[in-house]
Amino acid sequence: MIHTATSSFSTQDTTRIDDLRIKAVRPLITPALLQEWLPATEAAQALVEDSRAAIARVLAGQDDRLVVVVGPCSIHDHDEAIEYARLLKAEADALATELLVVMRVYFEKPRTTVGWKGYINDPRLDGSFAINEGLERARALLLDVLALGLPVGTEFLDLLSPQFISDLVSWGAIGARTTESQSHRQLASGLSCPVGFKNGTDGGVRVAADAMLAARSSHAFMGMTKMGQAAIFETRGNHDCHVILRGGRQPNYGAADVQAACELLAASGLREQVMVDLSHANSSKQHARQIAVGEDVAAQIAAGDVRITGIMVESHLNEGRQDIVPGQPLAPGVSVTDACIGFAQTVPLLQALAGAVRARRGRAAV
């Protein structure tokens with residue numbers, strides 16, 4: 001036996017060396033209990049299953065549509081998210097021949113230093129950190145979006161939160177700050193949905209390619225079961241992964257950047273394909289520039305580039321962003337994290353991307 005008893009069987013006092021910086025420990029709801037309270041309907045399960053398979057076909061080159069992950073930078077209001085989802089559903093249906101639209105429903109916000117950490121961590125936006133309430137609100141929102149017929153995508157930041165919501169997610173992202181994290185690569189290897197890895201914050205694509213190779217492999221790691229018990233998970237590996245170009249020290253959405261990324265992927269034995277994030281460093285953190293970036297990428301697609309298989313857009317009901325100020329009401333439909341383009345600006349962008357897919361098909365048919 002590895003574990004050995006000390007010479008004394010009395011309970012040891014470890015208060016001098018353990019939990020010195022823990023202010024409080026509160027109970028956490030179990031994923032199984034939350035799923036019992038808010039179960040996925042048969043229709044929701046079918047939508048998740050079908051949309052995951054459709055995204056995988058795009059990644060495998062068997063479907064020439066463009067995956068478009070579009071929605072708010074982060075969710076902070078249920079009703080506004082549903083209003084956005086209804087508008088997006090109409091556009092998704094109208095452009096379904098060319099675009100596979102996935103609503104961006106992000107609940108966790110990575111911070112460079114500190115700030116509001118997202119709907120799960122602080123759903124009341126007041127620093128109360130009602131995480132159990134946040135998990136319940138997040139799952140309820142996903143179910144409501146799925147009920148409208150829209151698949152959802154989210155970023156997996158916390159390593160435990162996927163157990164509460166991942167059964168409802170059709171596409172997942174690993175962010176630029178966590179792509180290099182071994183724990184997140186292991187997580188991706190066991191996720192049931194396709195996963196996009198963003199390039200590093202410096203713009204380097206190698207870290208994302210390495211993450212794909214790691215996620216393809218099987219792993220064993222410690223985690224929490226849906227019943228809330230600590231356990232060792234063994235994964236099979238996830239082959240439905242891809243790179244997301246999001247810029248770095250400079251944008252990387254241009255034709256030369258796509259070419260360089262695909263050459264690196266090919267050298268690693270990976271399929272030559274990328275998703276382009278129109279926001280973040282690719283738009284120099286100027287939300288309105290997403291439109292110009294989108295036009296550039298659409299032109300590449302229209303010219304016949306089949307390696308661009310996806311697009312990400314940060315879009316909300318209304319344009320811009322706002323700060324959370326205690327005691328001050330928020331403007332409706334405006335992001336509280338990164339600035340977004342408004343929905344009125346989003347529609348022509350989606351239409352332009354659909355037109356680009358049609359032009360690409362026309363070239364392929366010649």
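User: Which hand does the crossing of H3 and H10 have?
Analyst: Look at how the near helix is turned from the far one: anticlockwise by less than a right angle is left-handed, clockwise is right-handed. Helices here are DSSP runs (H or I, at least four residues), numbered from the N terminus. For H3 and H10, the crossing is right-handed.

User: What kind of model is this?
Analyst: Residues are numbered from 1 along each chain as its sequence is written, and side-chain values use heavy atoms, leaving out hydrogens and water. Local features need pLDDT of at least 70, side-chain atom pairs count only at pLDDT 80 or more, totals for chains, interfaces and linings use all residues, and what you have here is a predicted model.

User: Is H3 roughly parallel or roughly antiparallel to H10?
Analyst: The axes (lines fitted to C-alpha atoms over the stretch in contact, with angles from 0 to 180 degrees between N-to-C directions) of H3, residues 78-94, and H10, residues 343-365, are 11 Å apart at an angle of about 20°. Angles under 35 degrees count as roughly parallel, over 145 as roughly antiparallel, 65 to 115 as roughly perpendicular and the rest as oblique. So H3 and H10 are roughly parallel.

User: Which residues of H3 make the contact with H10?
Analyst: Contact means heavy atoms within 4.5 Å. H10 brings Phe343, Thr346, Val347, Leu350 and Gln351, and H3 brings Tyr84, Leu87, Leu88 and Glu91.

User: How far apart are the axes of H9 and H10?
Analyst: H9 covers residues 289-302, and its axis crosses that of H10 at roughly 15°. That angle is why H9 counts as roughly parallel to H10. The crossing is right-handed, and the axes come within 8 Å.

User: Is Arg139 buried or exposed?
Analyst: Arg139 sits in helix H4, and its contacts beyond four places in sequence include Leu34, Phe164 and Asp167. The scale is relative accessible area with a 1.4 Å probe and protein chains only: under 20% is buried, over 50% exposed, in between partly exposed. Arg139 has 1% relative accessibility, so it counts as buried.

User: And Asn132, which backbone nitrogen lies 2.8 Å from a polar atom of its side chain?
Analyst: Asn132 is also in H4, which spans residues 131-147, and its 30% relative accessibility is why it counts as partly exposed. Leaving aside neighbours within four places in sequence, Asn132 is in contact with Pro27, Leu28 and Ile29. Leu28 is 104 residues away in sequence, yet 6.3 Å away C-alpha to C-alpha. The backbone nitrogen at 2.8 Å belongs to Ile29.

Note on methods. Helices (H or I, at least four residues) and strands (E, at least two) are DSSP runs, numbered from the N terminus. A polar contact is a pair of N or O atoms within 3.5 Å; within protein, one must be able to donate a hydrogen and the other to accept it, and residues adjacent in sequence count only if both atoms are side-chain atoms.
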